[in-house]
Amino acid sequence: MARISFAGGGYCLSKCGVESFSDSLRRDMHHFGVQVSIIEPGFFTTAVTNLECIEKDLQRLWDRLSPEVRESYGQKYYEKYVQVQRFSMNVLCDSDLSKVTDCMEHALTARHARTRYAAGWDAKLFWIPLSYMPTILADFLLSALLPKPSQSVR
């Protein structure tokens with residue numbers, strides 16, 4: 001998911017940063033015979049994807065907004081955003097972390113490790129293909145999933 005940013009905040013930013021650093025490191029270390037592989041996981045069930053924590057944090061952030069900002073987004077925006085999070089965590093999250101650790105093991109032990117590994121069905125079938133689509137199409141697909149603010153001009 002580091003190839004495409006689907007939501008604001010530090011999560012996508014940090015994944016993009018790690019991927020960029022790893023890609024640069026991969027090129028730099030190649031000269032010394034060191035191979036660097038990048039693991040690109042989709043959603044997995046972890047503490048970061050704990051729905052109860054996500055919903056509490058969203059409510060806390062929503063409550064801290066000024067009335068003007070809350071009004072510009074609207075209560076329906078917040079409610080739909082929470083629904084999208086529920087869908088994402090309940091449908092996309094895979095509980096089998098061995099899909100990630102198997103990629104890590106292969107990257108560390110294979111004679112010819114891959115440059116990139118996609119872990120999880122959503123990474124392989126949605127996020128990575130989405131990242132190769134024209135921006136206008138990727139934006140359209142993501143906007144179909146995410147709510148619009150009540151005072152949106154588009």
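Which residues have the most contacts inside the largest nonpolar core? I started my notebook there, and the names I wrote down are Phe6, Phe43 and Trp127, in a core of 20 residues. By nonpolar core I mean a set of buried Ala, Val, Leu, Ile, Met, Phe, Trp, Tyr and Cys residues joined through side-chain atoms within 4.5 Å. Buried stands for under 20% relative accessible area, exposed for over 50%, and partly exposed for what lies in between (1.4 Å probe, protein chains only).

Next I looked up which helices supply this core. At least two residues come from each of α2 (51-64), α4 (75-92), α6 (121-132) and α7 (135-145). The largest share, six residues, belongs to α4. I also noted a second, separate core of six residues, with Phe44, Val100, Ala113 and Tyr117 among them. Helices here are DSSP runs (H or I, at least four residues), numbered from the N terminus.

A reminder to myself on the ground rules: this is a predicted model, where local features need pLDDT of at least 70 and side-chain atom pairs count only at pLDDT 80 or more, while totals for chains, interfaces and linings use all residues. Residues are numbered from 1 along each chain as its sequence is written, and side-chain values use heavy atoms, with hydrogens and water left out.

Then I turned to α6 and α7. They pack at an angle of about 135°, with their axes 9 Å apart; the axes are lines fitted to C-alpha atoms over the stretch in contact, and angles run from 0 to 180 degrees between N-to-C directions. That makes α6 oblique to α7, since angles under 35 degrees count as roughly parallel, over 145 as roughly antiparallel, 65 to 115 as roughly perpendicular and the rest as oblique. From α6, Phe126, Trp127 and Leu130 make the contact, and from α7, Ala138, Leu141, Leu142 and Leu145; contact means heavy atoms within 4.5 Å.

I followed the rings last. Rings of Phe, Tyr and Trp (its six-membered ring) pair if their centres lie within 6.5 Å, with planes under 30 degrees apart stacked, over 60 edge-to-face and the rest tilted. I get five aromatic pairs by this rule. Tyr73 and Tyr77 make a tilted one, at 4.8 Å centre to centre and 55° between the planes. Phe126 and Trp127 have ring centres 4.8 Å apart and planes at 80°, so they are edge-to-face. Trp127 is buried at 6% relative accessible area, whereas Phe126 is partly exposed at 28%. Together with Phe43, Phe126 and Trp127 form one aromatic cluster.
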